[in-house]
Every structure is written in C-alpha cells, then in structure tokens.
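Please look over the sequence and the three-dimensional structure shown below before reading on. The report that follows takes up selected parts of the fold in turn.

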Amino acid sequence: MKGLAEFTKTTLIGGVLVVLPIYVAILLLAKTLSGVLALLSPVTAAIPAGAQFRQLIALLIVLAVCLLAGIIVRSRAGLHAKLVVERTVLEKIPGYTLVRGLAERVSGDEREGSFRPALIELEDALAPGFIIEELEDGRYTVLIPSVPTPAAGALFIMPRNRVHPVDVPFTQAVTVISKWGAGAGVLARGVSVGSRT
C-alpha cells in the first residue's frame, strides 16, 4: 500500500512538472497574441467590416509599414531624421531606450555598449546581468534582471573591477535568465580573459 502511494505521488508530481510548463507557455502565447491583436485594432477598424480575414489584413498592413520605415531609415536622410527624432522625442519617453536596446540585441546587433552580457559581483556571488552603459569615470551602469523576466530588474552603478563582461551572445544570456538559470555555466565559462583578478 505504501509503495502504491509513493508511486502515485511521484507520478502525479512528474505529470504536473510536464503539464504546468506547457500550460504556462500556452497562457503566455495567448496573452501575447491578444496584445498584438489589441495593438492592431485601430488598423482593423479602418478595414471594411465585410472583408474576410480583417486581422490578417491589418497585420500585413502593419508589416508593410514597418518594411517601408526600414527602407526609409536605410537612406542617409532617413537615418538622420530617425536620430533627430530619437534624441529630441523618443529618448525622453520612459522605457524607450531599454526596449530599443533589447530589440537591437535580439535582432543580432552585437555592438559594444548597451546590454552587453556580464557577471556582476554582489557580495560573495556573481549575478548574471547586462552592461547598460559605461560612465565617464569608468564605472558601469548595470541591469541585474529578475528571473525569469530579463527586461525587468534592478539598476546598479558598479565599479569596473566588479563587472565582468562575458563572451556569449545576448540571446544566450537572456535564455539562461528566462530558464531560471539553467545553463548558467556558459556564462561562467564566457568571462572575458583578464576581466577577473
């Protein structure tokens, strides 16, 4: 009888560990999809009610506008206009720089500077994080993300000797954080040569 109870308990826990992540992933996907559809609602409202696949047409219109904007920004005049608008308007909007930096990194823009993966010394531990910027005095502004949400967390201004850049892609660092630290060994192995004393 005790063996049957133990078998039932471990099997039930094993089943929950399989079903729960799938359920949470489906919920997150549904929430994301409903958010995208809500963003498309002004475009959808402009399409005649009799048209089939209104939301698909709205999505295609938005993608076409994004493609057109991308083409314009590739020109010299378009890039200059984008930089002026960013400096004078968009960078004053809270969160714009964060979202822009994340989008650049996710799209494969691996330039030095913002959102470079790093390990940050906090007391006797190393915490995965991102370098946001280097200050004039050599210190770093760093984001230590909340697990499992890489875009939220705490900002710190840290001395240079307590921030250790890691040679791993941004997307890989985000994956480690979003998976509750699974695979963090790749961050420890990726510490730049000479960055730790």
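## A buried aromatic pair

In this predicted model, the residues F130 and F170 are both buried. Under the ring-pairing rule applied here, the count comes to 1 aromatic pair, and that pair is formed by F130 and F170, whose ring centres lie 5.3 Å apart and whose planes make an angle of 50°, an arrangement classed as tilted. Since F130 belongs to strand β2 (residues 125-134) and F170 to helix α5 (residues 170-178), the pair ties together parts that are 40 residues apart in sequence.

## Strand β1 and its two partners

How many bridges join strand β1 to β2? Strand β1 (residues 116-122) is joined to β2 by 7 bridges, and the two strands run antiparallel. Along this pairing, L119 stands opposite P128 of β2, while I120 stands opposite A127 of β2. The two strands form a hairpin with 2 residues between them, and in the turn E123 has a positive phi of about 55°.

Strand β1 also pairs with β5, again in the antiparallel sense, over 3 bridges. I120 takes part here too, its bridge partner in β5 being V163, so that I120 is placed between A127 of β2 and V163 of β5. Of the 7 residues of β1, 5 are buried, and the strand is therefore largely enclosed by the rest of the structure.

## T141 in strand β3

T141 is found in strand β3 (residues 140-146). Is T141 buried or exposed? Its relative accessibility is 12%, and because the cut-off for a buried residue is under 20%, T141 counts as buried. When neighbours within four places in sequence are left aside, T141 is in contact with F130, I131, I132, E133, L135, L155, F156 and I157; F130, named among these contacts, is also a member of the aromatic pair with F170.

## Helices α2 and α3

Two packed helices are described by the angle between their axes and the distance between the axes. For helix α2 (residues 54-74) and helix α3 (residues 76-88), the axes come within 4 Å and cross at roughly 100°; α2 and α3 are therefore roughly perpendicular to each other. The contact is made by I72, V73 and R74 on the α2 side and by R76, G78, L79 and K82 on the α3 side. Sorted by class, the residues of this contact comprise 3 nonpolar, 1 polar and 3 charged.

## S41 in helix α1

S41 has its place in helix α1 (residues 2-46). With a relative accessible area of 37%, S41 is partly exposed, whereas T141 counts as buried. S41 and L59 are 18 residues apart in sequence, and their C-alpha atoms are 9.9 Å apart in space.

Key. Residues are numbered from 1 along each chain as its sequence is written. This is a predicted model: local features need pLDDT of at least 70, side-chain atom pairs count only at pLDDT 80 or more; totals for chains, interfaces and linings use all residues. Side-chain values use heavy atoms; hydrogens and water are left out. Axes are lines fitted to C-alpha atoms, for helices over the stretch in contact, and angles run from 0 to 180 degrees between N-to-C directions. Angles under 35 degrees count as roughly parallel, over 145 as roughly antiparallel, 65 to 115 as roughly perpendicular and the rest as oblique. Contact means heavy atoms within 4.5 Å. Ala, Val, Leu, Ile, Met, Phe, Trp, Tyr, Cys and Pro count as nonpolar, Asp, Glu, Lys and Arg as charged, and the others, Gly among them, as polar. Rings of Phe, Tyr and Trp (its six-membered ring) pair if their centres lie within 6.5 Å; planes under 30 degrees apart count as stacked, over 60 as edge-to-face and the rest as tilted. Buried means under 20% relative accessible area, exposed over 50%, partly exposed in between (1.4 Å probe, protein chains only). Two strands pair if DSSP finds at least two bridges between them.
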